[in-house]
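Please keep the structure in view while reading.

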Amino acid sequence: MITLPRRKGMWIWQLIYCLGGDPGAIGNAAKAAGLGHVLIKLTDGPAEYNVSADKAKIIWALLSAGVEVWGWGYTYGSNPLGEAEKAAELCEQYSVAGFVIDAESDYKAPGMDGVARTYCATLRAILGADFPLGLSTYRYPHYHQTFPFDAFRQYVDFDAPQVY
């Protein structure tokens with residue numbers, strides 16, 4: 001059974017700028033804010049992200065504070081296999097509860113349906129059918145008709161639209 005993120009949550013883009021990257025401070029602040037989950041950026045394309053922070057200690061501090069940890073990553077679609085393989089590798093390495101795909105304007109180009117399917121199918125093949133995957137992208141699909149929503153939604157379990 002797929003478990004979705006629970007209660008209110010927070011996305012962290014740059015760990016070193018979040019309370020100076022201090023694991024204990026991050027865990028305490030998340031607990032004090034009553035967060036149920038935190039999403040940490042793990043990948044940017046095929047590269048690991050937040051390499052200057054001690055992700056393992058931060059994740060441990062969050063889990064110790066009773067906060068579920070999810071990963072997220074930006075995908076450009078220029079190397080769907082490499083991007084998906086790196087995302088899956090880091091999800092397994094850090095034992096995150098799930099992963100949210102951040103796909104945006106790069107996927108509006110013609111022919112990106114197949115790229116989206118390759119990326120998502122690779123993630124699913126490595127992480128398995130029971131690993132929760134979400135899609136974070138445009139809030140209003142009708143304004144973004146060239147974005148391959150259907151291709152991503154074949155593989156993800158939920159949407160997490162970007163609302164600013």
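This is a predicted model: local features need pLDDT of at least 70, side-chain atom pairs count only at pLDDT 80 or more; totals for chains, interfaces and linings use all residues.

**Aromatic rings**

The model contains nine aromatic pairs. One of them joins Trp70 and Phe158 in an edge-to-face arrangement, with 5.8 Å from centre to centre and 80° between the planes. Trp70 belongs to strand 4 (residues 68-75) and Phe158 to strand 7 (residues 158-159), so this pair ties together parts that lie 88 residues apart in sequence. Trp70 and Phe158 are both buried.

Tyr140 and Tyr143 make another pair: the ring centres are 5.6 Å apart and the planes meet at 80°, so this pair is edge-to-face as well. Tyr140 has a relative accessibility of 37% and therefore counts as partly exposed. Tyr143, at 59% relative accessibility, counts as exposed.

Ring pairs also link a cluster made up of Tyr107, Tyr138, Phe147, Phe149 and Phe152. One ring of this cluster, that of Tyr138, has the charged end of Lys108 over it, 4.5 Å from the ring centre. Elsewhere, the charged end of Lys41 sits over the ring of Tyr49, at 4.1 Å from its centre.

**Helix 2**

Which residues of helix 2 are buried? They are Lys55, Ile58, Ile59, Ala61 and Leu62. Viewed down the axis of helix 2, these buried residues fall within an arc of 160°, so they line one face of the helix. In an α-helix there are 3.6 residues a turn, so residues three or four places apart point the same way. On the face of helix 2 turned away from the buried side are the exposed residues Lys57 and Trp60.

The buried residues of helix 2 are covered by parts that include helix 1 (23-32), strand 2, strand 3, strand 4 and helix 3. After helix 2 comes Gly66, which has a positive phi near 80°.

**Helix 3**

Helix 3 (residues 80-94) consists of 15 residues. From its first C-alpha to its last it reaches 21 Å, close to the 21 Å expected at 1.5 Å a residue. The buried residues in helix 3 are Pro80, Gly82, Glu83, Ala84, Lys86, Ala87, Ala88, Leu90, Cys91 and Tyr94. Their cover includes strand 2 (37-44), strand 3 (47-48), helix 2 (55-64), strand 4, strand 5 (99-103) and helix 4 (112-127).

**Thr75**

Thr75 is placed in strand 4. Its relative accessibility is 0%, so Thr75 counts as buried. What does the side chain of Thr75 join through a polar contact of 2.2 Å? The partner is the side chain of Glu83, one of the buried residues of helix 3. A polar contact of 2.8 Å joins the side chain of Thr75 to that of Tyr107, which is a member of the ring cluster.

Apart from neighbours within four places in sequence, Thr75 is in contact with Glu83, Ile101, Asp102, Ala103, Asp106, Tyr107 and Tyr119.

**Arg139**

Arg139 is in the loop between strand 6 (133-136) and helix 5 (149-153). At 42% relative accessibility, Arg139 counts as partly exposed. Its side chain and that of Tyr140 are joined by a polar contact of 3.2 Å; Tyr140 is also a member of the edge-to-face pair with Tyr143. Leaving out residues up to four places away in sequence, Arg139 touches Pro161, Gln162 and Val163. Arg139 and Tyr76 are 63 residues apart in sequence, and their C-alpha atoms are 19 Å apart in space.

Most residues other than glycine have a negative phi. Arg7 is not a glycine, yet its phi is positive, at about 55°. Ser95, also a residue other than glycine, has a positive phi near 50°. Ser95 follows helix 3.

Methods: Residues are numbered from 1 along each chain as its sequence is written. Side-chain values use heavy atoms; hydrogens and water are left out. Rings of Phe, Tyr and Trp (its six-membered ring) pair if their centres lie within 6.5 Å; planes under 30 degrees apart count as stacked, over 60 as edge-to-face and the rest as tilted. Helices (H or I, at least four residues) and strands (E, at least two) are DSSP runs, numbered from the N terminus. Buried means under 20% relative accessible area, exposed over 50%, partly exposed in between (1.4 Å probe, protein chains only). A charge sits over a ring if NZ of Lys or CZ of Arg is within 6 Å of the ring centre and within 35 degrees of the ring normal. The expected span of a helix is 1.5 Å times one less than its number of residues. Contact means heavy atoms within 4.5 Å. A polar contact is a pair of N or O atoms within 3.5 Å; within protein, one must be able to donate a hydrogen and the other to accept it, and residues adjacent in sequence count only if both atoms are side-chain atoms. The arc is that of the directions from the helix axis to the C-beta atoms.
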